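This report is intended for a reader who meets the structure for the first time. Please keep the sequence and the model in view while reading.

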Amino acid sequence: MNTQMIKFLNFPRSRLWDSLIQGFCVIQNHPEKALLLLKDCLMNHGILPSSFTFSSLIHSFSSQGNMSRAIEVLELMTDEKIRYPYDNFVCSSVVSGFCKIGKPELAIGFFENAMTSGTLRPNIATYTALLSALSILGRFDKVYDLVSGIDKQGLAFDVVMYSSWICGCYKDTDLVEAFRKHREMVDKGIKPDVFSYTILIDKFSKEGNVEKATGFLWKMLKDGVKANVVTYTAIMLGFCKKGKLEEAFTILKEVEDMGIEVDEFMYATLIDGVCRRGELDHAFDLLHEMEKKMVKPSIITYNTVINGLCKVGRTFEADKFLKRVDGDIVTYSTLLHHYTEDENVHGILETKRRLEDAGVAVDVAACNVLIKALFVVGAFEDAHALYQAMPEMNLIADSITYCTMINGYCRAERIEDALELFDEFRSKSLNSVACYNCMISGLCKKGMVDMAFEVFTEVEQKGFALDVGILMMLMKTTFAQSGAKGVVNLVYKLENFRADVYGVILNDAICFLCKRGSPEAAIEVYAVMRRKRSTVTSKSYHSLLENLIDKGCLMRPFLNIFLKDYGLAEPRVSRILVYYSCLKDVNSSQWFVKKWKESSAVTYPLAAFRRLVKDGRALDAYKLVMVAGDSLPLEDVVDYTILIDSICKAGYLSQALDLCVFARSKGITPDIVTYNSVINGLCRQGCLVEAFRLFDSLDKTDLVPSEITYATLIDNLSKQGFLLDARQLFDSMVSKGYKPNTHVYNSLIDNFCKFGKMDEAFKLLYDMEMKGFEPNGFTISALINGYCQKGDMEGALDFFSEFKKKDIVPDFLGFVYMVRGLHTKGRIEEARNILGEMLQSESVVELINTVDKEVESESVESFLIFLCEQGRISDAVVVLNKIASILYPVRRWSGAYKGSQLTNKHSECRSLSSAVSEPLTSNQKSEITDSKKVDKLAENYDISGKRSKLHDFGFYYSLIGSLCSKGELQKANELVNELLSSL
């Protein structure tokens, strides 16, 4: 016992204090108590602990991220009274600590000061910490300089150094270089550890290449390196990102079977995976499973659930979930962000209040979200106040802050405030093209082109990459204010830009002007390009030539230059040549394409097909489809339907039905819209029987008629006098659940009135109103016409007055019927009153004024007003008849067909309607692709010669009146019979 006491008394007191301090610091991991002991030792006992004790404290505080305490100990260590030199252990600890708290710039600053002092000779551990700091800052050029310097010093790289370097390469998104460094490490005989393998596995998983990540896992296990929970979590993340949740859950089971303790992050990864798929209930099941397995979720896991709820639009539920946990700044920022996206003012304000009540420290990212939210709710002053308060919160506004503020003010049309913030942004050492783009966008929306131009030029001076979207916005605004000339002037103003940037601007200007239909201005820009020796892209040539062709302008010189610059191998050259030949002559284009195909693959441009259809050249478009075959890439049934509809309207039914068969041979099944066009075409040709056959065949092709199908058939049955059949089809339509629209009702009402069946017409009017459809001007005019045909002008006037009280007045023809009918009855003053009412109807006057554009005369409206004031109703009736003949030419089929002609016509229609459901034979296929036979088909089915002259009602009315005035009553009666037979 005495011997032990003697040894204890002889034990140096400094060694005792070292043991006590290091015990608290290292063994108990309580550096705060250790620091108190250190201070007590120095101040009260005058004992100086060893440098290792100071180093241990610095390392402990740095590991915890408590850098203020670490620096405090460092200052004690280097104090004049102590003057311990700090070594690589201290330096690497401090550098790593600053990196841990997200301040790598301070880590680098500390290292540089240590090197300047001359007391530090870095080893591989210190350089490894420095490399990590440089990688975090994205200063990869410095990383390579550092590695080169280490190599020159002859320091041996270890696995930790290589792992940090590989990690840095990943941050530089240089996956190939990272993989190369891994191979280099292996080749040098340095065995990869679990950390170096996990870095690779994690990166491959995040890149979406989970298969490669899995391959590295197997190699790792084969090399005898045991994977840990972090490694398996990385693999799980890869599966979750690819939506392979089953494989991710398999990993979880395997980890549990291996006896590896599953941590919160593995569960958080799975929860994120199920949230990405929208399976929020499964996410809550996983939370319950965590609780059962005693894995305590932290705010990281809860934030994953909250973010998942918000992403699927369940922000309100996310808000309720937050009330069960203590949220951090990420939680509140997530809610604010999604409430802002939804423009939910109440949600924004409530979340802001709860954030303030929670007393959570706000970071820059959260500030930016909150500022954006305040702009959404219109709290502009609060947003500005928060921005101004950022320095007091030890926060420095970043480029996103300025961008959010500028964009918010621009959207609120407070452009002056936006400019003030933009000037402040420019005074900072921040570089963000997004802020410039926001400012340019805001100025353009306000029409402040000159100022937008100044900001745009500054973007160039700063060396930022050109944003094509912003350039287009500037051009659009300039074009809206100053037209094509303004865009050309803008191009001239930008000629001091760098040559490569200016070339892009010029090419974009040509394409923009061509899209706006200004090839002349585009040619001027093209001239600037030739003068500047800028490269004209094939896209610009194509746009310019396409525009010139469409406008019928001189284009051969440009075509020659295009050919010279790019040659026949350029696809756009072939496309424009084929396009041009198609518009000129479809037959010659076929020869051209055949010749071209001998040397290169070429197809007919779809634009040529659409242009032919647009220009009303339906038959040429049909020829193009037939002769092109597979060389014309018609996209879908829509293209075929558009062409079929155009061909039907032009009267070429045979070709329309051939096209239906052709489309089916290409695997494209015509839909009900296609059949509606064919049915309408048959009806227009007078082939009602065949139209109904086609209608009845729809069931065989599994097509359901639409409201338009019924409306077309009902309309044509009515016009041809088959009113009973039309009414039966109408009733059938209603019984099958279809809802007839106003057009269908009007068609029936109009034709019932024309044939004197007023009772039926009024029943339909009543039914129409009961179904919630409001009569329009056409409806009223049709019923007024019915009264007028009966000579019941009192009924017509009463009906007119009744609906006038409901603010529904007749259309132009309705007024004409009344004026004409009253004039015929000799009721001149009443006719004059109705004419006056007519000339006060805006819609009618607008329609009358369109006639001024078609006939060279003085204002028709003014002339009618003059005739009305003078009481010259007879002359007014003549003028109104003439206007009606221009606006509403009544097309009718001649009733003079002989029986054989009518039989032939119906035979032709039958052959046409049956063709649509027959398969295309090989002979037919070869026939329809022969352009000469196509021309012959067109001649055979050109029915334009079978039409009689087209006359309008006004023409007949005037002629009948003339015959009556001459006393030629027999001829007048014959003309009346002919008129009635055509209705």
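Helix α42 is followed by G737, whose phi is positive, near 90 degrees. The model is a predicted one. The helix itself covers residues 723-735, and its 13 residues should span 18 Å at 1.5 Å a residue; the end C-alpha atoms are 18 Å apart, which agrees.

Which residues of α42 are buried? They are L723, A726, L729, F730 and M733. These residues cover an arc of only 125 degrees around the axis, so they lie on the same side of α42. The face turned away from this buried side carries the exposed residues L724 and S735. The cover over the buried residues of α42 includes α40 (688-696), α41 (707-719), α43 (742-754) and α44 (758-770). D725 also lies in α42. Its relative accessible area is 37%, and D725 is therefore partly exposed. Between the C-alpha atoms of D725 and I714, which are 11 residues apart along the chain, the separation is 8.2 Å.

Helix α41, which belongs to the cover of α42, holds T709. T709 has a relative accessibility of 0% and so counts as buried, the limit being under 20%. Leaving out residues up to four places away in sequence, T709 touches I672, N676, I679, F695 and L698.

Helix α39 runs over residues 672-684, and its 13 residues reach 18 Å from the first C-alpha to the last, close to the 18 Å expected at 1.5 Å a residue. This helix is mostly covered, with 10 of its 13 residues buried.

**The chain as a whole**

The chain has 983 residues, of which buried residues make up 47%. It contains 56 helices and 0 strands. Among contacts between residues at least 6 apart in sequence, 63% join residues at least 24 apart. The chain exposes about 49600 Å², and carbon and sulfur atoms supply 52% of that area.

**Nonpolar cores**

The largest nonpolar core has 129 residues, and those with the most contacts inside it are I406, M439, F456, M475 and L513. Helix α28 (residues 468-493) gives the most to this core, with 10 residues. With its neighbours within four places in sequence left aside, M475 is in contact with V487, L490, I505, D508, A509 and F512. A second, separate core of 100 residues includes V625, F730, C753 and C788. F730 is also one of the buried residues of α42, and C753 is buried as well, with a relative accessible area of 1%.

**Cysteines**

How many disulfides does the structure hold? The number is 0. C410 is in no disulfide, and the nearest cysteine sulfur, that of C438, is 7.1 Å away. C410 is buried, with a relative accessible area of 12%.

**A residue of helix α14**

A234 has its place in helix α14 (residues 229-241). Its relative accessibility is 5%, and A234 therefore counts as buried. Apart from residues up to four places away in sequence, A234 touches I201, D202 and S205. The C-alpha atoms of A234 and A213, 21 residues apart along the chain, are separated by 8.5 Å.

Most residues other than glycine have a negative phi. E413 has a positive phi of about 60 degrees although it is not a glycine, and R533, likewise a residue other than glycine, has a positive phi near 60 degrees. The table sets out where these two residues lie and how exposed they are.

| Residue | Loop between | Relative accessible area |
|---|---|---|
| E413 | α24 (399-411) and α25 (415-427) | E413: 56%, exposed |
| R533 | α30 (519-532) and α31 (538-550) | R533: 77%, exposed |

Both E413 and R533 count as exposed, whereas T709 and A234, described above, are buried.

Technical notes. Residues are numbered from 1 along each chain as its sequence is written. This is a predicted model: local features need pLDDT of at least 70, side-chain atom pairs count only at pLDDT 80 or more; totals for chains, interfaces and linings use all residues. Side-chain values use heavy atoms; hydrogens and water are left out. A disulfide is a pair of cysteine sulfur atoms within 2.5 Å. Buried means under 20% relative accessible area, exposed over 50%, partly exposed in between (1.4 Å probe, protein chains only). Helices (H or I, at least four residues) and strands (E, at least two) are DSSP runs, numbered from the N terminus. The expected span of a helix is 1.5 Å times one less than its number of residues. The arc is that of the directions from the helix axis to the C-beta atoms. Contact means heavy atoms within 4.5 Å. Accessible areas come from the Shrake-Rupley method with a 1.4 Å probe; for residues, only the protein chains shown count as cover. A nonpolar core is a set of buried Ala, Val, Leu, Ile, Met, Phe, Trp, Tyr and Cys residues joined through side-chain atoms within 4.5 Å.
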